[in-house]
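Have a look at the sequence and the model first, then read on.

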There are 2 protein chains.
Amino acid sequence: MCQLLGMNCNTPTDILFSFEGFHRRGGLTDHHADGWGIAFFEGKGCRIFLDDKPSVESAVAHLVRNYPIKSQNVIAHIRKATQGEVNLANTHPFMREMWGQYWIFAHNGDLKTFQPEAGCHFNPVGSTDSERAFCYLLEQLRSKWCSAPQLDELFAEIDRLAAEIRQHGVFNFMLSNGEVLFAHCATHLHYIIRQAPFNKAHLVDDDVTVDFSTVTTPHDRVAVVATQPLTDNESWTQLQPGQLLLFRDGAPLLVSSGSH
Amino acid sequence: MCQLLGMNCNTPTDILFSFEGFHRRGGLTDHHADGWGIAFFEGKGCRIFLDDKPSVESAVAHLVRNYPIKSQNVIAHIRKATQGEVNLANTHPFMREMWGQYWIFAHNGDLKTFQPEAGCHFNPVGSTDSERAFCYLLEQLRSKWCSAPQLDELFAEIDRLAAEIRQHGVFNFMLSNGEVLFAHCATHLHYIIRQAPFNKAHLVDDDVTVDFSTVTTPHDRVAVVATQPLTDNESWTQLQPGQLLLFRDGAPLLVSSGSH
C-alpha cells in the first residue's frame with residue numbers, strides 16, 4: 001500500500017523530521033519501491049520533487065532531507081504501484097491549476113472500476129486511477145464554480161464527491177491549494193496536532209528524537225497527517241472511514257461525520 | 001534581461017554541459033539574480049526545479065548540475081524581474097495540463113500592456129505578464145480545439161497568437177508539450193543543431209570543453225536554443241524577429257517567415 005504524508009501549519013515549518021521517518025518507508029522499513037514525490041507550497045507557488053526511483057536511493061530525496069524548505073502546506077507520497085506502470089507521469093503528487101490556484105493531490109488506495117468520461121477542463125496525463133480521480137474531482141468542482149467558493153461549500157462538495165468516488169474502491173487522499181489541506185480517510189489515516197507546550201518526539205522508523213520546544217515559538221501550530229503514525233511516543237488520532245477533514249492554520253477547521 | 005535555454009533531442013540526452021554555462025548567467029557572468037527554473041520531460045511526465053534564489057547559490061542548481069537527468073525536451077529560465085515580485089509563484093517555467101499533456105512555458109521580455117480577461121480554463125497564479133501570456137495562449141488553443149490538433153494547424157495558430165501578443169511588448173518564449181519544442185523570437189534567440197560528426201564545444205561563460213563524439217552515438221541529434229550562444233567555437237543560427245520554430249527529434253520541423 002502507498003503511504004501518504006501531509007502537513008498544514010500556521011507558520012512556515014520544515015518537514016525534515018517527519019520526512020526522515022516517512023522516506024524510510026520507501027524501501028527500508030516497508031515495501032514501497034515504485035517512486036515517491038513531495039510538494040511544498042510557498043505562498044501561492046508550489047515546488048514539487050518527483051522521483052520514480054525508490055526513495056532511499058534517490059538524489060532528490062537527499063536534497064529534500066538536507067534542504068530545509070519551510071512551507072505551510074506539504075503533501076508527500078510513496079508509491080506502491082497497483083495501476084499504471086512505474087514512470088514519472090504516474091508519480092504522485094499531481095498538480096493542476098484551478099481558480100488561479102495550484103491544487104496538489106496524492107492518493108493511497110485502488111479504484112479499479114473508476115473510468116469517468118474525459119473532462120472539459122482537466123484530463124489525466126498518466127495512466128493511474130489516482131490521477132483519473134483527481135481530474136474528475138476538479139472537473140466537478142470547476143463545473144460547479146467558475147471561481148473559488150466559500151470554504152464550507154467547497155468542503156461539503158468534496159465530501160459528497162469523495163463518497164461517490166469511494167464506491168469504486170479504496171480512496172484515501174490528500175488535497176491542498178496552499179491555504180488549506182483536505183484529508184480523506186477510506187481505510188487508514190492518522191493525524192497529530194503539535195502546539196505549545198512542545199515535547200520530544202521519537203520516530204517509529206528510525207532511532208531519531210527531536211525536541212520541538214527548541215525549534216518552535218509558542219504560537220506555532222502544526223498538523224501532521226499520515227497513513228500510519230510516524231512517532232511512537234505521541235498520541236495520534238485515527239480518522240474514521242469515510243471521514244473528510246479540512247485543516248487550516250495547523251488545526252482541523254471542518255470535520256465530516258464519516259461514512260454516509 | 002532574462003535568459004532562456006531549450007533543448008529538443010531525438011534521444012534522451014543530459015543538458016549538463018549547456019546548463020553549466022547557462023547557470024553561470026544567474027549571477028556570475030551576467031545579472032540575473034531573481035530566480036531560475038528548469039523543466040525536464042521524461043516521457044509524458046515532467047520534472048520541474050524552481051528556485052527563487054540566484055542560481056549560482058542554489059542547492060537545487062547543485063542537484064541539477066550533478067544529477068544527469070536525461071530528457072528529450074528541456075526548458076530553463078533565469079529571471080530578471082520586470083513585473084511581479086520575486087517569489088516562487090512568479091518563477092518560470094510555468095506548467096499547465098491541456099489535452100492530457102503537460103505544457104511548459106518560459107518567457108523573456110516584457111509585456112507591459114497585456115491584460116487579457118480571465119480565462120475559462122486557464123488563469124495565472126502569480127503576478128507576472130509572462131504567466132498571463134501563457135494562460136492566454138493556452139486558453140485560445142483550448143477554446144479552438146477540445147483535443148490536440150495536427151501539428152501544422154497548431155503551429156499556424158501559435159504563430160498567429162504570438163504575433164498578436166507581441167503587439168504588447170517583447171515576447172521571446174519557449175513552449176513544449178514533451179514531444180515538440182516551440183521557440184519564438186521577438187528580439188534575441190539562437191539555436192544550434194549538434195549531430196554526427198560530433199566535435200568539441202567550448203563554453204563562453206566558463207573554461208570548459210566537451211568532446212561530444214565521446215558521449216554520443218552516430219544517430220543522436222540535439223537542438224539547443226538559447227537567448228545568446230553558449231559556446232564560442234560553434235556556429236549558432238540567429239532567429240529572426242517574429243519568427244517561430246518548431247523543433248522535433250532535434251531539428252526544426254516547421255519555421256515561420258518572421259515578422260508579419
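A:Cys46 is buried, with a relative accessible area of 7% (buried means under 20% relative accessible area, exposed over 50%, partly exposed in between, using a 1.4 Å probe and protein chains only). This is a predicted model, where local features need pLDDT of at least 70 and side-chain atom pairs count only at pLDDT 80 or more, while totals for chains, interfaces and linings use all residues. Residues are numbered from 1 along each chain as its sequence is written, chains are lettered from A and ligands numbered from 1 in the order in which they are written, and side-chain values use heavy atoms, leaving out hydrogens and water.

**Cysteines**
- Searching the whole structure turns up zero disulfides over all chains (a disulfide is a pair of cysteine sulfur atoms within 2.5 Å).
- A:Cys9 is in no disulfide, and the nearest cysteine sulfur, that of A:Cys46, is 14 Å away.
- A:Cys9 also counts as buried, at 1% relative accessibility.
- For A:Cys46, the closest cysteine sulfur is in B:Cys46, and at 14 Å that is too far for a bond.

**Chain A overall**
- Chain A has four helices and 15 strands (DSSP runs numbered from the N terminus: helices are H or I with at least four residues, strands are E with at least two).
- Its C-alpha atoms fill a box of roughly 50 × 40 × 35 Å along the principal axes.
- Of the 260 residues in chain A, 60% are buried.

**The sheet in chain A**
- Six strands make an open sheet in the order E5-E6-E7-E8-E14-E15, with antiparallel pairing (two strands pair if DSSP finds at least two bridges between them).
- E5 (94-98) and E15 (251-255) of chain A sit at the edges with a single partner strand each, so one side of each has no neighbour in the sheet.
- From one strand to the next, the twist averages 25° (axes are lines fitted to C-alpha atoms, for helices over the stretch in contact, and angles run from 0 to 180 degrees between N-to-C directions).
- E14 (residues 244-248) and E15 of chain A run antiparallel, joined by four bridges.
- A:Phe247 stands opposite A:Pro252 in E15(A).

**Helices**
- H3 (residues 129-144) of chain A packs on the sheet, touching E5, E6 (101-110) and E7 (170-176) of chain A (contact means heavy atoms within 4.5 Å).
- The direction of H3(A) makes about 10° with that of E5(A).
- H4 (residues 151-165) of chain A runs at about 145° to E14(A).
- Over in chain B, H3(B) is mostly covered, with 13 of its 16 residues buried.
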